[in-house]
Amino acid sequence: MKKLLVFFSVILFATSFMFAAGQVEIFSWWTGGGEEEGLNALIELFNEWYPDVNVINATVAGGAGTNAKAVLKTRMLGGNPPDSFQVHAGEELTDTYVITGLMEPITDLLAEWGISDKFPEDILSICSYGGEVYSIPVNVHRGNVIFANNAILEEAGVDSIPLDWDGFFAALDKIKEAGYVPLALGDKNKWPATHLFEDVLASTLGPDGYKGLWDGSVSFDDPKVVEAVEIFGRLMDYVNEDHAAGTWQDATLMVQDGRAAMNVMGDWAEGYLKTLGWTPGVEFDWSVVPGNEGIFMVVSDTFGLPKGAPDAENAKKWLKLVSSVEGQDTFNPIKGSIPARVDADKSLYDVYLTWSMDDFATNALLPSIAHGSAAPEGFITALNDVINAYVTDRNVEKCVDGIIEAAEDNL
Amino acid sequence: MAKKKGKKIIVYILLTVFLVGFLLPIYVLLATSFKPFDEVGKPLMWNWPSSLSFDGFAKAFDKLKGNLINSFILVIPATFVSAMVGSINGYVLSKLKFRGSNALFAIILFGMFIPYQSILFPMITFLQNIGLYGSIGGLILVHIIYGLPITTLIFRNYYAEVPTELIEAANIDGAGIFKSYWKVLFPISLPGFVVVIIWQFTNIWNEFLFAVTVTSDPTKQPITVALVNLAGSQVVEWNVQMAGAIITALPTLLVYIFLGKYFLRGLLAGSVKG
Amino acid sequence: MKNYERIFSDSRFQTDLWNTLYFTIFFIFGCLFLGIILAILVDSKVKGAGIFQNFFLFPMALAFVVTGTVWSWIFAPGILPENPEGINLLFNSIGLSGLEWKWYTSTDSFINFNFALIPVIIGAVWQMAGYTMAMYLAGLRGIPSTFTEAAMVDGASGWQIFWKIKFPILKPITFSAMIILAHISLKIFDLVYAMTGSGPNNVTDVPSIYMWETTFRANKYARGSAIAIIMLLLVAIFIVPYLVSSFKSNKRA
């Protein structure tokens, strides 16, 4: 009996201690591989900094966060926000949550921590609405990269990945003659096709024209949009005919196992190639997509502060951690992305990521469409449909009309 | 006698043909789950792993074990309550005719067709109002309610097979409504219960969307959420994922094997004779 | 109302309706047909029938997310003819290369039936036929053996017993199976989503995926619920005849 009493009082003590300590619920879709390890390292660091706060790691998996986004929307609109959540920088945050009045501005916090000038201006402006910052970018992926199988390029007689479309199509022809799939694509989930299309769009419009699409200074019936649709259509002549059966991962695997020469993908593909045993610069090479010199297509994960967060003070501690150099340099080398801060420690990153960091510091930073930054989610969904149909029917006029209609509907 | 033997052989041949077809995907599942990560994928899918790797199973089990118990806490009460209530509903709707019973049945049927996705918002608000949001208790309640149309439907049609005379005979003997259910209908309901329990157990065990929306604390989530969370948002380790799927399916499979035995007995026949 | 107009003029939704129609028909009849054959075979009381029975039920225990992926690998066509994958590779290696086909990446159709749906239907039937079998088994076991014994005394053959005695008794079971399968086919989401996505040009798209994307990705909540309402009204096509016939038969009894 006595033993039992002691046991219960210990339990009681332990639990009351836990409750007194407070907690913070962090919502994300980082559930597997490097991203999960990176998140766990961040949580570990958080526990070092704030040993009295218990982190609830609420993750929901599913292709590029599809499930997570639905659960998050249900919770946010239902008045049950987590304390802080992962969201792509840009419209995915502002159109869905800021305009609807569900987020707290954090401009003052950045000033208080003295880090307002530690992020590139282009990035902070993507995270802002109406002059206030609403989320803190923790990592940056680059969207407009081509990864290539060096052995196949050599066999086909292609010295390097051409940076202009004419040269690129000539190279694609050579590879086709050599008997390989020139360009691997896996668009079962629709967005990989849109991902490729946005890079082509950036190449024909240039950085200013591309930005102009979103502030209304460039119209969607611009001839350069039509040109992008045409180039994208020509590219479809060089992709694997079973593209609709695969994911981006299948497409990258085609490059790795020697069936295809090249693949346009975000640089998470680099992390995947590395887990498959390849070394950057040895078995595979990379380059920006043709016409994308000086352009860095940004895919960035950010964290914000929802209104009515149950533990707002602890959430601020989390934001402080992810915005710090230490936090960013803990997370990014493991996740295989680059830090959003410009003053991070370069020596921690591999040869590809260092290249990407250099460009990040000097290039024009453009918001990605396919990954939620440039346009509201309604536009992305509609554009995905239009591009998906175009890949099959190749009707340029219908495709351009569809894009214009999607823009009228959603922008 | 020879004819009977020939028939048996035909039955076996047919069963085996179907079995091979059924096992084809299972083979892929098993082979993939035993592969190291670099052999996973479409090109090598038919190959048996070059060397058996238990990485997938070890990793999957490590991440799933904590959520296994939550699933049992969820599934067992939800399955039994919805099966019991469904059985009584089925009895009332098939054997006790009352005004509006047809209309009630029609409404219940429509309820079955409401898509999961469109009740998410009202469901969350409701659970918040009654203070069960975020708990397994809330999830149990949701599954009981959402499962009722199907359990009711199955029992109603199952009882439709049972001769009404049986109940009437009991009524003449002076048994009340519930007594005649307990004494006459319930004992012969076992095959019906088997079908309903298989359905409910499988569906609640494998249900993901409600589970992930209602419970956000990973220590309270059922196993399916953990299973889906084995996948990363960008890279999916299919060997771990498929090993996880096999581990997750094992309890359900045990339920099938256990309940399946009742199919092999002619339960109803005995009780009708008696 | 604007939402409803928009949806009906939307070519994707029109494709969805055709897909649902064909998917539902083939899926329900596939499951019923396979289910009753399996039930009869398992019911024929040969040794080991129980083991077979468990194997046929097994697919149902697996989560759709995973089976969807397995099927998507099996029916991935590869690059024909030189680089077949999945089942095409299997056909190729046993000399049946004539059967190689583009499966769910095919964009061919016949009277609005997208052939790409065929692999999806196969996957769905595989998963649910076992349960249909279980429902029929419960029904067969529920038939008092006195019925069949009496018929056997009268000299009826196995087939006669089945068609004349068992089949009519199984009618209510068939109805519940049809309703359950119909409701699965209208709600089907995970399997299609994991297996094919929406397919090239939406050839394998279904309303639940469209609704999901409209509601939770495009944030068009009103339009999303409009799709759900339309689907619910379409359900009446299945339910009303069922209710009418079931109430009629009740009256007779």
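## Exercises on the interfaces of a predicted model

Between chain A and chain C there are 13 residue pairs in polar contact, both residues at pLDDT 80 or more; a polar contact is a pair of N or O atoms within 3.5 Å, where within protein one must be able to donate a hydrogen and the other to accept it, and residues adjacent in sequence count only if both atoms are side-chain atoms. The model is predicted, so local features need pLDDT of at least 70 and side-chain atom pairs pLDDT 80 or more, while totals for chains, interfaces and linings use all residues. Residues are numbered from 1 along each chain as its sequence is written, chains are lettered from A and ligands numbered from 1 in the order in which they are written, and side-chain values use heavy atoms, without hydrogens and water.

**Exercise 1. Describe the side of chain A that touches chain C.**

Step 1. The elements giving two or more residues to this side are α3, α4, α16 (377–393) and α17 (396–410) of chain A; helices (H or I, at least four residues) are DSSP runs, numbered from the N terminus.

Step 2. With seven residues, α16(A) provides the largest share.

Step 3. By class, this side has seven nonpolar, 10 polar and 11 charged residues. Ala, Val, Leu, Ile, Met, Phe, Trp, Tyr, Cys and Pro count as nonpolar, Asp, Glu, Lys and Arg as charged, and the others, Gly among them, as polar.

Step 4. The rule finds five salt bridges between chain A and chain C, a salt bridge being a side-chain nitrogen of Lys or Arg within 4 Å of a carboxyl oxygen of Asp or Glu. Arg6(C) forms a salt bridge with Asp409(A), with the closest N and O atoms 2.8 Å apart.

**Exercise 2. State the buried area and its carbon and sulfur share for chain A with chain C, and for chain C with chain B.**

Step 1. Buried area is the accessible area (1.4 Å probe) that two parts lose on being put together, summed over both.

Step 2. Chain A and chain C bury about 2500 Å², and carbon and sulfur atoms give 47% of this area.

Step 3. For chain C and chain B the area is about 7000 Å², with 80% on carbon and sulfur atoms. Trp73(C), Arg141(C) and Lys187(C) supply 11% of the area that chain C buries against chain B, more than any other three residues.

Step 4. The side of chain C that touches chain B divides into 58 nonpolar, 14 polar and five charged residues. Zero salt bridges are found across this interface, alongside eight residue pairs in polar contact.

**Exercise 3. Characterise the contact between domain 1 and domain 2 of chain A.**

Step 1. Domain 1 covers 2–138 + 302–349 and domain 2 covers 145–297 + 368–410; such bounds come from an automatic or database domain assignment.

Step 2. In this pair, 14 residues of domain 1 are in contact with 11 residues of domain 2, contact meaning heavy atoms within 4.5 Å.

Step 3. Two salt bridges cross the interface of the two domains. Glu377(A) and Lys73(A) meet in a salt bridge through their side chains (3.4 Å, N to O).

**Exercise 4. Why does the length of helix α2 of chain C agree with expectation?**

Step 1. The expected span is 1.5 Å times one less than the number of residues.

Step 2. The 33 residues of α2(C) (residues 11–43) should therefore span 48 Å, and the end C-alpha atoms are 47 Å apart, which agrees.
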